[in-house]
Amino acid sequence: MSGSAWGRRRRGVTPRESSPWDVLEQPRRRPRDVRVAVLAVAAAIVLLCLALRVGEPSAVPPGGVVVAAAEDDADGSGGDDEQSDDEQSDDEQSDDQDADQGGGRGGGGDQEDDEEFPGRDQAGRAAANEYVDIQRVQRGAFTGEGGAFSGGSYTIRCAVSDHKNSDNYLITPGKRNGAQHTHDYAGNEGTNFASDEETLEETATTCTNGDRSPIFWPVLRDLRQQGPDVGVDGGSLDGNVGSLVEPTAVDFTFHGHGSRQTEALPLNIALVTGSAKAGTNDGEGANAKYTCTGAGGRLTDLYTMCPQGSALQRIYDFPSCWNGQDLDSEDHTTHIVYPDENGECDDDLVPVPALRITVSYADPPPGRQFAIDSFPEQQHDPITDHALLEYLSSERRAEEGAACINAARRCVQGPEQDGAASGSTASSDRVPRSQTFAHALATHATAHGKRAAAVARPGFAATARIPGADGPASLAPPATLPVPEASGVAADPTDALGPLPGLTRLPALAAPLRPGA
């Protein structure tokens, strides 16, 4: 391990097992003050010259220090050579230290890099009390923002991209390593710090429906193993260590919410959920959600330790009440905000589809041996989990998705050959249609004015909060929202509208509730 960023083998000492965190525990390189060394060497040379000239008839005249130094410079001896050798020795020592620290792109502890990428001297591990056994999480005690769905939904199918980087073109455009932590990407395959509308529109996508939206969130790491980015910005230089854990499944579903018609999501709108700086900002903007499959509705903003056979899940609920005008805002959040706890937007805001992303890891590292990437000073606080995207779909797909939601259908967008795919069938996406949903839409002018009374109507599924989950061992739906049966129900009055192009209906999930349910 000699010369490795992950630890140095000491002579005569049996090395302990290396850890990815070793790189953070090594002394950081500090900038050297060369001026002090130069003055010390110069003073020593002057004193030596004075001692050699004592007793000579030609005493050193006023200003003789300068003369002696000039003579030494003239004959090529003394100061500069000695100083040069000393600086060379310092440089060699510094180079060795850089090698031990995994120094590479960005220069590690250099003062200039510390100014460009702040917080590196505060990097550290997540605290032990930021992990919790999922069985100790109380059902329904935590919900976070968003997640109250109604009506229909539509799903897009996007694989996780092979490319990763520590950029964030939405928040810090044009700045390399602007995030100081590595992101997983889905959708657009060319996203980086230099991305703009033109380059994104010309880049390939992992989404089967052609959606070129760049979608990204922090990677998850296995802290038992060494990562691929030692000595690299966004990696160990910013306190992010460990091997990368790839998601085994990612679900992207847009939901209806509240009792009003949903309008199409505007193209090029920026969507952000959570805050990467919440750990040092009193939790402001945080919306991190963790759970495990089969957890029965338990959600928390702590890292969840899942039992064997259960998948770790990170859930991202995005805001869905738009101001009807702006596609972005200075803080990237005020142009579109979250609905209330019943999924309702204020009267002066426009309801748009509520995106939920569920990222699953079928075999997560055990115990406290995992963490998400973060800014160095956030020290991998789980509350800093976040996700971002810019909606780069098409008007047709956006309008079809809104129509699917308003018809209370469950749809999947994709190419013709992918039309039979059903997407996620988790209980979190089984949003039963209320018998009163169509009535609520038709009478919104009066019903929304008396929202409190409308919410209290028995059987009105729009007001129920549905916990997030994905995968075969999904969370059970709340008892107040029975899953509709596939047979023995009345015909759907919306069938007369016919199927929407490019959208697939799932009959078993789109049936209305039985009377009195």
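Which residue forms a disulfide with Cys 292, and how far apart are their sulfur atoms?

Guide: The partner of Cys 292 is Cys 306, and the two sulfur atoms lie 2.0 Å apart. Please bear in mind that this is a predicted model. A disulfide is a covalent bond between the sulfur atoms of two cysteines.

The link of Cys 292 and Cys 306 is left-handed, with -80° about the S-S bond. Cys 292 belongs to strand E9 (residues 290-292), while Cys 306 is found in the loop between strand E10 (303-305) and strand E11 (312-317), so the bond ties together parts that are 14 residues apart in sequence. The two ends are placed as follows. Cys 292 has a relative accessibility of 1% and counts as buried. Cys 306, at 22% relative accessibility, counts as partly exposed. The cut-off matters for this cysteine: buried means under 20% relative accessible area, so a value of 22% places Cys 306 in the partly exposed class.

This bond is part of a set, for the structure holds four disulfides. When the bonded cysteines are counted along the chain, the pattern of the disulfides is 1-2, 3-4, 5-6, 7-8.

Another of these bonds joins Cys 158 to Cys 207, with an S to S distance of 2.0 Å. This pair links distant parts of the chain, 49 residues apart. Cys 158 lies in the loop between strand E2 (150-156) and strand E3 (183-187), and Cys 207 lies in the loop between helix H6 (197-201) and strand E4 (214-218). The link of Cys 158 and Cys 207 is right-handed, with 105° about the S-S bond. Cys 158 is buried, at a relative accessible area of 8%, and Cys 207 is likewise buried, at 5%.

A further disulfide is formed by Cys 404 and Cys 411, whose sulfur atoms are 1.8 Å apart. The angle about the S-S bond is 95°, and the link of Cys 404 and Cys 411 is right-handed. Cys 404 has 0% relative accessibility and counts as buried. Cys 411 is buried as well, with a relative accessible area of 1%.

The setting of these bonds may now be described. The protein has 517 residues, of which 50% count as buried, and its secondary structure comes to eleven helices and 18 strands. Among contacts between residues at least 6 apart in sequence, 77% join residues at least 24 apart. Gln 225 is in the loop between strand E5 (220-222) and strand E6 (243-245), and at 40% relative accessibility Gln 225 counts as partly exposed.

The largest pocket holds about 590 Å³ of space. It is lined by 27 residues, and those closest to its centre are Val 272, Gly 274, Ser 275, Asp 331 and Thr 333. Strand E8 (270-274), strand E13 (336-337) and strand E17 (386-390) each supply at least two residues of this lining, and E8 gives the most, with three residues. By class, the lining of the largest pocket consists of eleven nonpolar, twelve polar and four charged residues.

Five cavities of 30 Å³ or more are also counted. The second largest cavity has a volume of about 40 Å³. Its lining includes Ile 156, Ile 215, Phe 252, Phe 254 and Leu 389. Seven nonpolar residues, one polar residue and one charged residue make up the lining of the second largest cavity.

Finally, a word on confidence. The mean pLDDT of the protein is 72, and 58% of its residues reach 70 or more. Over residues 1-16 the pLDDT stays under 50, and the model has 36 contacts beyond four places in sequence for them. The pLDDT also stays under 50 over residues 54-109, for which there are 62 such contacts.

Notes. Residues are numbered from 1 along each chain as its sequence is written. This is a predicted model: local features need pLDDT of at least 70, side-chain atom pairs count only at pLDDT 80 or more; totals for chains, interfaces and linings use all residues. Side-chain values use heavy atoms; hydrogens and water are left out. On a 1 Å grid over the protein atoms alone, a cavity is a set of points where a 1.4 Å probe fits but cannot get out, and a pocket is an open set with protein on both sides within 12 Å along at least five of seven lines; lining residues have an atom within 4 Å of a point. Grid points are joined across faces, edges and corners, and a volume is the space filled by probe spheres set on the points. Helices (H or I, at least four residues) and strands (E, at least two) are DSSP runs, numbered from the N terminus. Ala, Val, Leu, Ile, Met, Phe, Trp, Tyr, Cys and Pro count as nonpolar, Asp, Glu, Lys and Arg as charged, and the others, Gly among them, as polar. A disulfide is a pair of cysteine sulfur atoms within 2.5 Å. Buried means under 20% relative accessible area, exposed over 50%, partly exposed in between (1.4 Å probe, protein chains only). pLDDT is the predictor's confidence in each residue, from 0 to 100. Contact means heavy atoms within 4.5 Å.
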